[in-house]
Amino acid sequence: MKVPKEGSRSVDSQIPQSEKETNQKKKEETLNTKEGEEPQVELPTDSESGDEIFSEDDDALRESGSGESESLGDEDIVTTSDGEGLSDDDGNHVQENGSESDEAHEGVEESDSSEDEVTPRNTIGDVPLEWYKDEEHIGYDITGKKIKKKERQDKLDSFLASADDSKSWRKIYDEYNDEEVELTKHEMKLIRRLLKGKAPHADFDPHAPYVDWFAWDDAKHPLSNAPEPKRRFIPSKWESKKVVEYVRAIRKGLIKFDKPKEEPQIYLLWGDDSSSTEKAGHGLAYIPAPKPKLPGHEESYSPSLEYIPAQEEINSYQLMFEEDRPKFIPKRFMSLRSVPAYEKAVNESFDRCLDLYLCPRARKKRINIDPESLKPKLPSRKDLKPYPTTCYIEYRGHKGAVMSISTEASGQWIASGSSDGTVRIWEVETGRCLRVWEVSEAVQHVAWNPLPELPILAVSAGQDVFLLNTGFGNEEEQEKIKELLHVETPTMPEDSGNSTSAVTWAQDDKNKGIRLKHFKSVSSVEWHRKGDYFSTVMPSGESRAILIHQLSKKLTQRTPFKLHGLPVSSAFHPTRSIFFASTKKNVRVYDLLKQKLVKKLEPGVREISSIAIHPGGDNVIVGSREGKLCWFDMDLSSQPYRILKCHPKDITNVAFHRSYPLFASCSDDCTAYVFHGMVYSDLNQNPLIVPLEILRGHTSANGRGVMDCKFHPRQPWLFTAGADSIIKLYCH
């Protein structure tokens, strides 16, 4: 007999005693009538005997929890082995529970109504849960109250809790509602059936017999026994009308057919190919085979003596190119019988066959041009004087290679920096060394202020840039210079984004000037035309490789441009607010006021070594490590106007003259080239470039030659600094 669950017992306990007695009597009567019948014990069974609902782990859990009716989860029905009678009400309850369980096992009738679905506790909809990641709540319930997040356990506590809980394997975390959900046995049953590839419901039979809905008894007879209509045996009237339309269109010429190509039955077997019209009809210009050269008098077996070359001429043929060498050398025989077989007969016939059917043919229009007329008509060097030609003075005193030189604005003094760590000032006309400064490291670059009233010298040595007072000028100018070269406290740059400062301004008491401490080694220093700004280049400085400094305010700022590559040098425009930044591959021209890229010059060389700006500002010369000198006309193109391959070794520096149409380049081959470069005001006329002179005199030291070259600001003189520690002045 089936025993109701605890809920039903509590209901039975509320029934009056009189009703219980009457029910007991009825029960005894029913038992007397059914004597001899064994009590039926009903067990909850699955629809399929072959389905294993639980795994071995489940059986173990079920054994551990035997004896407790609650361990059966959602199965609320237990069986009893005794046949003791119960009241009718209990029996009624048993029947109701049995019918409910039978309905549950027969199959669940699903509904498409959204009302049957369990509404989630969280009502935020499709909002991503990441938006509540930093909040204390996870959403809102149906009343609009916040759903607080539960306190999360750490992994160790959660592992210990799962080890103690026998049902932890059936629990999953609902992230949407922030709660743990325990799967029922019915849901586990559905999941296991899906994992095995079966239907979710056990009562579904995938191999049910097929029901042929279209089978009937009279299937052998046709659907209709009506006779065939007459129209199926008469030609279509509409098809005949369509044929008439096509016939009329063909007659009128609206529809045209492709005519078959007619091949000529008779053709000229040995005719000239030049008159053939078939080969020219493919859209390509037909070129006939070259005709062989007819034999002349020199190919006779007994030519005249004037056709027979002497032995000297035959020897000269061996020095000629094979293309220019004569194919046949005539010989003289006394009779035709003594003429041997021609040794090149097979070769010439084979070459002729190749010319006929293998060699590609091309038309070449030959024009007889005098090679001298192709040379550009350059003016004579005598007409382009004055320009430096001979060495006039040598400045000796440095012990190491002279790395850089710079001329003063008036042209009376020249400064030089050497790898021996000294900076010297020389008098140009006499060669007398006026002053010497000693710095801690090798000097890389020296630059004189372009203003005559500010004779300040900028020197780069290692990571330091020194601003030195040369002592020239009157008392008023000296007082102004001392004020400029005075730093009260060490100043830091305004644009110091990183932790390490780019430049530190400090007073240099030893040399009585200013010392700018950089974070990387400085390779070059260039002044602005107004004398207040100057730029420094640090090749390994990355984003702060090129810095612009202001002397009057003791400020340093980084260029607002991104450098694409390792910087080599920089220069200011002579008249406008334009800045030139040179990397190893190209030269970028920036507008400092608008802070944008104006032009990008592509020299197409392996590595750029130096640049120089024409005093007009529209032309630039670029020296490279492979000995090429590129002239750029910025109004014309971003490609070089002229490329001069003059030096066999690296070009170390290039320079323009301020007033004369001269420019020069120096190289490690111990030479300096002087060129005439005239730039015309007429935009339709291209610049005139004429090579003038090669200046020699320096000797090589450690594989280096001439390190630097500079023009005199007023005279057509050229200063060269060599690795042999000598400075030379070349005059006209």
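This briefing walks through a protein structure, from overall numbers to single residues. The model is predicted. The protein has eleven helices and 35 strands. Of its 732 residues, 32% count as buried.

**Overall picture**

- The protein exposes about 49,800 Å². Carbon and sulfur atoms supply 51% of that area.
- Take the contacts between residues at least 6 apart in sequence: 49% of them join residues at least 24 apart.

**A five-strand sheet**

- Five strands form an open sheet, in the order β12-β13-β14-β16-β15. Their pairing is antiparallel.
- The edges are β12 (443-448) and β15 (503-508), and each of these pairs on one side only.
- Neighbouring strands in this sheet are turned against each other by 20 degrees on average, direction ignored.
- Inside the sheet, β14 (residues 464-469) and β16 (residues 513-518) run antiparallel and are joined by five bridges.
- Phenylalanine 466 stands opposite arginine 515, which belongs to β16.
- Helix α11 (residues 475-484) lies across β13 (456-461), β14 and β16. The helix runs at about 155 degrees to β14.

**Helix α7**

- Helix α7 spans residues 237-252, which makes 16 residues.
- From first C-alpha to last, α7 reaches 23 Å. That is close to the 22 Å expected at 1.5 Å a residue.
- An α-helix has 3.6 residues a turn, so residues three or four places apart point the same way.
- At the start of α7, a side-chain oxygen of serine 236 comes to within 3.4 Å of the backbone nitrogen of tryptophan 238.
- Glycine 253 follows α7. Its phi is positive, near 90 degrees.

- Most residues other than glycine have a negative phi, and most peptide bonds are trans.
- The peptide bond from lysine 385 to proline 386 is cis, with omega near 10 degrees. Proline 386 sits in the loop between α10 (371-374) and β7 (390-396).
- Cysteine 670 is not a glycine, yet its phi is positive, about 65 degrees. The residue lies in the loop between β30 (662-667) and β31 (671-678). Cysteine 670 counts as buried because its relative accessibility is 12%, and the cut-off for buried is under 20%.
- Serine 725 also has a positive phi, near 65 degrees, in a residue other than glycine. Its place is the loop between β34 (718-722) and β35 (726-731). With a relative accessible area of 16%, serine 725 is buried.

- Serine 609 is part of strand β25 (residues 608-613).
- Its relative accessibility is 10%, so serine 609 counts as buried.
- A polar atom of the serine 609 side chain lies 2.6 Å from the backbone oxygen of isoleucine 651.
- Leaving out residues up to four places away in sequence, serine 609 touches Val568, Gly623, Ser624, Arg625 and Ile651.

Note on methods
Residues numbered from 1 in each chain as written. Predicted model: local features only at pLDDT ≥ 70, side-chain atom pairs only at ≥ 80, totals over all residues. Heavy atoms only, no water. Helix = DSSP H or I, 4+ residues; strand = E, 2+ residues; numbered from the N terminus. Buried < 20%, exposed > 50% of the residue type's maximum accessible area, 1.4 Å probe, protein only. Pairing = 2+ DSSP bridges. Axes fitted to C-alpha atoms, helices over the stretch in contact; angles between N-to-C directions. Contact = heavy atoms within 4.5 Å. Expected span 1.5 Å × (residues − 1). Polar contact = N/O pair within 3.5 Å; in protein donor to acceptor, adjacent residues only side chain to side chain. Areas by Shrake-Rupley, 256 points an atom, 1.4 Å probe, with all protein chains shown as cover.
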